[in-house]
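Trainee: Please take a close look at one chain of this model, from its overall build to the packing of its elements and its side towards the partner chain.

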Amino acid sequence: MEGARRTSIRGSLLMARLVLSSPTGFAGAVIVAGLLILSLIGPVLAPYDPYKQDMSERLMPPSWEHPFGTDQLGRDILSRVLYGCRISLSIALLVVAISATIGLLLGLVSGYFGGLVDEALMRVTDLFFAFPRLILAMAVAAALGPSIINTMLAIATVSWPVYARLVRACVLQVRNETYIEAARAIGAGHVRILFRHVLPMVVHVVLVQATLDLGSIILLAAGLSFIGLGAPPPTPEWGLMVSEGRLYIRSQWWVSTFPGLAIMISALGFNMLGDALRDAFDVRLGR
Amino acid sequence: MDLRAYVLRRLALTTLVLFGVLVVTFLLSHVIPADPIGAILGPQAPPELVEKLRREWGLDKPLHEQFIDYVCRAVRGDLGRSIRTNRPVLQDLLEFFPATLELATASLMLGVLVGVPLGTISALRRGSWIDHAARVFVTLGVSTPVFWLGLIMLMIFYYRLGWLPGPGRLDPYMTPPPRVTGLILLDSLLAGRLDAFYSALRHLAMPAAVLGWYAAAGIARITRSSVLEVMRREHVRTARAKGLLERIVVLRHILRNALMPIVTVIGTTYGGLLEGAVLTETIFAWPGLGRYSTGAFLYLDFMAVMGTTLFIAVIYSLVNLAVDLIYAYLDPRVRYG
């Protein structure tokens, strides 16, 4: 037992080295680490209160006092972008944690037991794949009303089926392996087999999908806010900030540009890290 | 299973999914919102008006009867009436859809024209500078928010450089060609209006480039991995060994076999383009479904929001159906498997 744990730790270290040795993996890891740090200490670094309005300072171009300039209400854009990091990252992490867990459990059960449960569950996921993700999220958000919690609910509602499908496909591959049969032969119960013998074989697939998903969920959440279905004003949410700067794009380019860059860099970080993880684990994902 | 049996089975499945789609939009429009009438009329509405509307929409009936009503109406194409335009939602959707169709199709064409060659070359020249450049292009393409990219391009190419026209589908002073299909490019050709065609093409360039990049990125990524996989197979080695021209090996032996995943990704990209259209149409003042539905939301025009959702899901399901049928046609293993 102790030996197995040690090899799994060694395996993880090896994986981490493999990921970091590729240039994209390294760059992705650096960006993601930076984002995590900023979301923790961003509010400390922020030079101003992100909600403080100052009409005499409105729409000021980038300068030493306001490196990213100020917006239409004279709020410091750098401070708002820094605060926004925590919002975007917590939305993405929470949504991925919720939808990956739901998808993982349903996929395990569906693939392992098969039969009617499996059939029913797969038809439900078919249904979710009949909608483009953003469209369904928009409809859910419209039914629930705009708020950050509802944004997360809406995105989680449309995100779990991918995990369920993926996990089910993996489980189908290992279900009839000899070691599972052996475990059953010694008298292991379903729960034990599922969590001790099947789960470890699918965790890496979920991990890769989740990392890539973090990038697309940041984009999705920002998109919802951009069209007015996400975080309500005056939240310093990146998508909302891009939307607020839309009217000023002609001459006050900085209002939309910096929050948009923040969205892009975050999505880029998770996508690069996810790609490197996928290459390292040699995982094939399909939607 | 022959092709016909496969088609029938696939059609049955699509019907089932479309029924499920109706269940979902029903739940979202009738069950989850605590007070649909309040959302439409606002908090200060007189109670007798609320009561009248409740009865008119059948909201006083039990839920299963409401659902049956809803399905019957939807099947007949009655998606309710928009409170913003005061017209049937379906009529609105049909008016706005061609603009989105034009934009999505142009973007998809760009995506295929750029994505397939790029993915193929970067697989054939794996590890070369062009492969690395393609990776950067792909990763940036899937990471850049389209609504922001649209704004930045508008700022640079319209406001700063003046190379491309701004928002809208035609120059503001130009009379549009008579509406036949609703696709301005096609309509202006039908009317023999080359000036309108040229103007429409220039207006289409920027939004189509924004969405086309996103489409090309996804398509290039799948093409690359699919080509890489086929290249490893033995028949390719044999083809090379017997001294076939590299061009023939690539076109006949590699690309042909790599086509399947590419067809699939083109189908899913279409769904992504519908989403992208929702996000970019507002920026480019593009009178399509996206602009219609976002506007509908801001006015709490509930029938219009749900009608659009239903409409897009139907289109998307039909595209998926088409992809599966093409797939079965191209690859006999699917229908016999």
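Mentor: In chain B, 72% of the contacts with a separation of 6 or more join residues 24 or more positions apart; two residues are in contact if their C-beta atoms, placed from the backbone, lie within 7 Å. The model is predicted, and local features need pLDDT of at least 70, side-chain atom pairs count only at pLDDT 80 or more, and totals for chains, interfaces and linings use all residues. Residues are numbered from 1 along each chain as its sequence is written, while chains are lettered from A and ligands numbered from 1 in the order in which they are written.

Chain B has 14 helices and 0 strands, where helices (H or I, at least four residues) and strands (E, at least two) are DSSP runs numbered from the N terminus. The C-alpha trace of chain B spans about 85 × 55 × 40 Å along its principal axes. Of its 337 residues, 39% count as buried; a residue is buried if 20 or more other C-beta atoms lie within 10 Å of its own, exposed if 12 or fewer, and partly exposed in between, with C-beta atoms placed from the backbone.

Helix H5 of chain B covers residues 89-124 and packs against H12(B) at an angle of about 130 degrees, the two axes being 7 Å apart. Axes here are lines fitted to C-alpha atoms, for helices over the stretch in contact, and angles run from 0 to 180 degrees between N-to-C directions. H5(B) is therefore oblique to H12(B), since angles under 35 degrees count as roughly parallel, over 145 as roughly antiparallel, 65 to 115 as roughly perpendicular and the rest as oblique. H5(B) contributes Asp92(B), Leu93(B), Phe96(B), Phe97(B) and Thr100(B) to this contact, and H12(B) contributes Leu289(B), Gly290(B) and Tyr292(B). By class, these are 5 nonpolar, 2 polar and 1 charged residues (Ala, Val, Leu, Ile, Met, Phe, Trp, Tyr, Cys and Pro count as nonpolar, Asp, Glu, Lys and Arg as charged, and the others, Gly among them, as polar).

Val114(B) also lies in helix H5 of chain B. Val114(B) counts as partly exposed because it has 19 C-beta neighbours inside 10 Å.

Turning to the partner, 36 residues of chain B are in contact with 36 residues of chain A. Elements giving two or more residues to this side of chain B include helix H1 (3-31), helix H11 (246-280), helix H12 (289-298) and helix H13 (302-330). By class, the side of chain B that touches chain A holds 25 nonpolar, 10 polar and 1 charged residues.
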